[in-house]
Every structure is written in C-alpha cells, then in structure tokens.
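Dear colleague,

I am passing on the structure we spoke about, with the sequence alongside. Please look through it first; my notes on what was found follow below.

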Amino acid sequence: MIRVRAAASAVVAFALLVGLWELAKAVLPDAGVSIGDTRVLPRTDDAAMPHVWTVLARLGEPEVAGAAAQRTVGEAVASGALFTLGLALGGLVIGGVLGAVLALGMARFGLLERAVLPYVVLSQTVPLIAIAPLVAGWGGKIAIFGQPWQPWTSVMVISSYLAFFPIAVGALRGLTSPRRADVELFRALACGWWTTLVRLRLPASVPHLLPAVRLAAAAAVVGAIVAEISTGTRGGVGRLIIEYAQSATGDPSRMYTAILGAAVLGLVAAAAVGLLDLALRRYRGSIA
Amino acid sequence: MTPAVELLAVDKVFPGPVQALDGIELTVGAGEFVSLIGPSGCGKSTLLRVVADLEQPTGGTVRVSGKPASQARLDQDYGIAFQQAGLLEWRTVAENVELPLQVHGVPKARRRERAAELLEMVGLTEFARSRPGELSGGMQQRVAIARALAPSPSLLLMDEPFGALDEMTRERMQAELLRITGETGAAVLFVTHSIPEAVVLSDRVVVMSPRPGRITEIVPGRRPGTGTELAPDDVEDVRESAAFFTAITDVREALRKGHE
C-alpha cells in the first residue's frame, strides 16, 4: 500500500516537472527575463528549451539527421546508459565491499577507528574532478594479472571511491548501534565475536545500512558519469552528454535525451535499492 | 547438592578508586531464591554482574555451580534477565526464546519444541509468531524470562526485571515468577528496589549498604509454597499475612541501619 503510494507520488512529481517546463515555455518570453543587463530567467525558445514531446520524438530519430542507416538516438542513449550502469554497479560493489570491510575493522578495533576514520572523511573532501585524471594516469602505468588497464577501469574505481564512503560510515554506525544490554546478553550467552556479529550486529545495522546503500548507489551513478566525462571514456552516457552538448545549438533536443538517460539511470539505481529494502523489511526496525 | 552461587570475600574496586563491593560473603543454595536489596549505588547490580562474569572481581572467589564464574558462563549454567526485556525486534517471540539454543547449535526441531514449552509456561503460546513490539511491557518481560530459562539453567540472575512495570502487572509477574521457579527448581539471585517484592519472592533477603557495598543483614523472606505445589491464592495470602508485614519492617530497619 505504501509502495503503491510512493510509486504514484513519483509519477505525479514527474508530471509536475513536465508541466512546469511547458508552463515556463508558454508563459515566459522567448528571450528570457532580464532586469537591467542581468538575465534572471533563461531563454525559453525552442533552441534553449525544446518541447518535451520534441525531446521524446528525437529518441526515435537517427543519431545524425539524414543518415537513415544509423542507430537512433534512443538506442545510443540506452546503450550508453547500460554501459554506465554496469560501471556504476561495479563501483558500488567494489565500494560496498571496501566500505563494509573498513567498517568491520573499525567496529572490531577501536584503535583502527581512531586511526582510519579521519582519512575516510578526508577522502571525500578531495574533489572528484581532481582525482579522476590522477586515477587514469596511475592506472595507465599498471597492469593487473597481465591485463592492461582499461579506461573503464578508471571509471569504476572512481565510482567506487564515491560509493565506499556512505557505506563505511553507515555500516560503522549500524554495527555499533546495539544497546549495551544486548551486547552483554550475547556475552552472557557465551557468544564469541563472530556469533555476536551475525546474530546481533549485522541484523541491527540494517536500518542504518539501507539509507547508506541508497546514498552510495546515487553516488556511484554520479561518480561514473562524472568520471566518464573527466577521463574522456567512450561508450557511456557521460560521454554522450558532452558529445550532444557540443552540437546543442543545432540540435538542442538531442542533448536533453542524454540528460534524460542519465536521470533514468539514477531512477533505476534508486529502484534497485528499493527492492533491497523490500527484501530486508524484516530487519528494518526503527532507528533508536 | 552443590550451591548455586558461592561468594568468598569478594571485592570490587573500580578505577577512581570506587570500592563497589567490600568483602561479600554469600551462598545461594540450589533452588533457593535470594534477593539483593539496597539503595542505589550499593553495588547490588555489580554483585549480580560479578556472578554473571560480566564484571571481574578485584579480590575473593566466585563459584557458580561449583565452577569459576567464567566457566559457568561458558557452560550456560545461568540464565539472565535485565530491567529492559532486551528482545531482538527482528525476531519473532518464539525466535527470541530460541536464541540461547540457536547460538549453541541446538537443532531446529528441538529448539522449536523447547520454545513452545517455555511459551506455554509463561502463558504466551498464542503470541509465538508476534513481534516483540506488538507485546505489552509485562509480556515482553515474560518472553525475556522464557529466554533466560531456555538452556534449563540451574540459576537465574535477574536485575530489576519488573522495575519498569506498573504495580498491578508487577504483582502478577511476581506470582508468575514464583510458579515458574517452583516448576523448574532453579535458584534465583534477584536484584530489586522494592521491599515487598523482595519479601514475597525470597527465601532470604540480603540487605546491602552503599560505599563501600557491604552486606548489612540477611532477613528471612516469606516465599510461599517452597517444595510444594503453589496454589493460585498462596501469593495473595502471603501479601495479606501479618508475617509479611513483620518481614517488611525487618528489611526496612536493616536498610536504615545500613545508612547510619
């Protein structure tokens, strides 16, 4: 019931956004609104803000106008989004494992928490744009198991770099969330560290972990797109955004199809986490 | 028979230093119900935790079922219940009762059977598949007691288990506890703030004084029906008897003496 309502409100929100877009086009002047020399609202002509239906129609047309044999824009965006989704998923898995291992270590050894946690936080203050070329540069110099470093590997590594943080922090909070009395009960039951982890700490960490995974999934997608752009990796939706934006003056609706593709990618990631949420609802208690 | 608990000259000094326990000498016989009572900070909870091996004494000897406390903990010779029921909310009531058996590898079928038996004993059979959150405070505490009894321990350690309950529920739970301990024959070490509760439940009431935590006096309690079948009205009869009020006065005077 709550699920249905959540889905319905998502549809309504999307419809509102489309309505607002078309309303702005209909009501505001084509040249935008300026006060003095400062433009406060953007231009709304078809070149700057194409109609929603023009963008959707563009999806079915060939990527380069007039070339009939080529794939359509929709196919290009879909294949780019799938490619990026794969990289983001890889980043999420790598980041998730790394974050979980770090959190376990920090929960087990207080010394490790004091030593590592500041660096974990520090890692997120370095701008993504700054590390992307670094990763690509370092990666180009190494080979793993004889396999040369691929450009997409850099994208996955950068994506995981963003994804590991919420997981590490969320898992640490979750693993240390059981009340003292619960921990003592397990001690009184003569349970070792492992049994306490499996029967108490892990189930208790689920309510903290689910929002963390949701954040990490979104961060992995954003990280993958931005990394594709800043490392110049081909094949993904990030590259399409840049490519299409360069010809935006002549073909404005095509750029929006790529942005639409990126947005749908984010929604797919969020929906996947929603399914995980559903599967773990038994453990989804209130956070005390 | 081996006494359930033997404490010889037990000291506990917390860093500070705070002398929480000073020269505690106490023996709890098999099947005996002993209450620890005293003002806040008198070390009664610390004493219970020392017996449970959740706290290490700084001096003296602790033996539980004739073994060192740590060995007794590993052998699951005691069951424990705290003031907060402390049920795991992602488990059903029955699964909570099964927990002590599950973590020690008891096969599923046997755990099920034992949980059903214990839930019947505490009168919660129809709630076996409920979540702890759906139960009242008193019912949750009954589940916690069933859980503590799951490995059939010879000793039950209880730290103010009824402290958070209202008076009516509390009296009903006391009668329940007397019936259950009568049926299982387990010894009980019971920490409480309530004088009437200590008197009606216990064979002996141990009165403690604070800073340093010492035993001031041991007053005989009025536990009904020891060794015999407990009739439903027995507990009520005790609560209205003259001997009950005399014992309450004795405990109260012992408590006051500890303060002087």
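A residue is called buried here if 20 or more other C-beta atoms lie within 10 Å of its own, with the C-beta atoms placed from the backbone. By that criterion, 34% of the 288 residues of chain A count as buried; please keep in mind throughout that this is a predicted model.

To stay with chain A for a moment, its secondary structure consists of 10 helices and 4 strands, and these follow one another along the sequence in the pattern α-β-β-α-α-α-α-β-β-α-α-α-α-α. Along the principal axes, the C-alpha atoms of chain A fill a box of roughly 75 × 50 × 45 Å. If one takes the contacts in chain A between residues at least 6 apart in sequence, 72% of them join residues at least 24 apart.

Domain 1 of chain B is made up of two segments, 5-77 and 153-259, while domain 2 of chain B covers 87-152. The centres of these two domains of chain B, taken over C-alpha atoms, are separated by 24 Å. Where they meet, 13 residues of domain 1 of chain B are in contact with 13 residues of domain 2 of chain B. On the domain 1 side of this contact in chain B, helix H6 (residues 167-184) gives the most, with 6 residues, and by class that side has 8 nonpolar, 3 polar and 2 charged residues.

With best regards

Conventions:
Residues numbered from 1 in each chain as written. Chains lettered and ligands numbered in written order. Predicted model: local features only at pLDDT ≥ 70, side-chain atom pairs only at ≥ 80, totals over all residues. Domains from an automatic or database assignment. Contact = placed C-beta atoms within 7 Å. Helix = DSSP H or I, 4+ residues; strand = E, 2+ residues; numbered from the N terminus. Nonpolar A, V, L, I, M, F, W, Y, C, P; charged D, E, K, R; others polar. Buried ≥ 20, exposed ≤ 12 C-beta atoms within 10 Å, placed from the backbone.
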